[in-house]
Amino acid sequence: NLLSVAYKNSVGGRRAAWRIITSVEQKEKSKGNEDNAKFANEYCKKVEGELQKICDTILGLLDGNLIGKASSGESKVFYKKMKADYY
């Protein structure tokens, strides 16, 4: 459960940042500030890369270790749900 909370917090902050950045990018485009929109877009791509890396890490951990070694059905369901959350 702590693993799930840790990854949720890590991803949640970046998702919030991504939403804000894309909003800023759209506002700057509508104002005609293409330079600022470009900076926002570049930063957005950086945040997307971080999100992808985090998700790939947890998916690898789930597939490589946790799901296969889960001892109870409840654990397997929990890990598979977690895998679906980060896919």
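Does Lys81 count as buried, partly exposed or exposed, and at what relative accessibility? Lys81 counts as exposed, because its relative accessibility is 52%; here buried means under 20% relative accessible area, exposed over 50% and partly exposed in between, with a 1.4 Å probe and protein chains only. The structure is a predicted model, in which local features need pLDDT of at least 70 and side-chain atom pairs count only at pLDDT 80 or more, while totals for chains, interfaces and linings use all residues. Residues are numbered from 1 along each chain as its sequence is written, and side-chain values use heavy atoms, with hydrogens and water left out.

Helix H1 covers residues 2-31; helices (H or I, at least four residues) and strands (E, at least two) are DSSP runs, numbered from the N terminus. The length of H1 can be checked against its residue count. The 30 residues of H1 should span 44 Å at 1.5 Å a residue, and the end C-alpha atoms of H1 are 44 Å apart, so the two values agree. The expected span is taken as 1.5 Å times one less than the number of residues. After H1 comes Gly32, which has a positive phi, near 85°.

The buried residues of H1 are Ser4, Tyr7, Val11, Ile21, Thr22, Glu25 and Glu28. They pack against helix H2 (34-69) and helix H3 (73-86). Two of these residues, Ser4 and Glu25, can be followed in more detail.

Ser4 has a relative accessible area of 16% and is therefore buried. With neighbours within four places in sequence left aside, Ser4 is in contact (heavy atoms within 4.5 Å) with Phe78, Met82 and Tyr86. H1 and H3 pack with their axes 12 Å apart, at an angle of about 10°. That makes H1 roughly parallel to H3. The axes are lines fitted to C-alpha atoms, for helices over the stretch in contact, and angles run from 0 to 180 degrees between N-to-C directions. Angles under 35 degrees count as roughly parallel, over 145 as roughly antiparallel, 65 to 115 as roughly perpendicular and the rest as oblique.

The axes of H1 and H2 cross at roughly 160° and come within 9 Å. H1 and H2 are therefore roughly antiparallel to each other. Their crossing is left-handed, a term that applies if the near helix is turned anticlockwise from the far one by less than a right angle, with right-handed used if clockwise.

Glu25 is also in H1. Its relative accessibility is 7%, so Glu25 counts as buried. Setting aside neighbours within four places in sequence, the contacts of Glu25 are Ala37, Ala40 and Asn41. The side chain of Glu25 also meets that of Lys29 in a salt bridge, at 3.6 Å from N to O; a salt bridge is a side-chain nitrogen of Lys or Arg within 4 Å of a carboxyl oxygen of Asp or Glu. Lys29 and Glu25 are four residues apart in H1, so about one helical turn separates them. Lys29 counts as partly exposed, because its relative accessibility is 39%.

By this rule there are four salt bridges. Another of them joins Lys81 to Asp85, with the closest N and O atoms 3.0 Å apart. Lys81 and Asp85 are four residues apart in helix H3, so they too are separated by about one helical turn. Asp85 is partly exposed, with a relative accessible area of 48%.

Lys83 forms a salt bridge with Asp63, and the closest N and O atoms are 2.8 Å apart. This pair links distant parts of the chain, as Lys83 is in H3 and Asp63 in H2, 20 residues apart. Lys83 is partly exposed at 28% relative accessible area, and Asp63 counts as partly exposed at 45% relative accessibility.

Ile67 counts as buried because its relative accessibility is 13%. Ile67 and Lys31 are 36 residues apart in sequence, and their C-alpha atoms are 49 Å apart in space.
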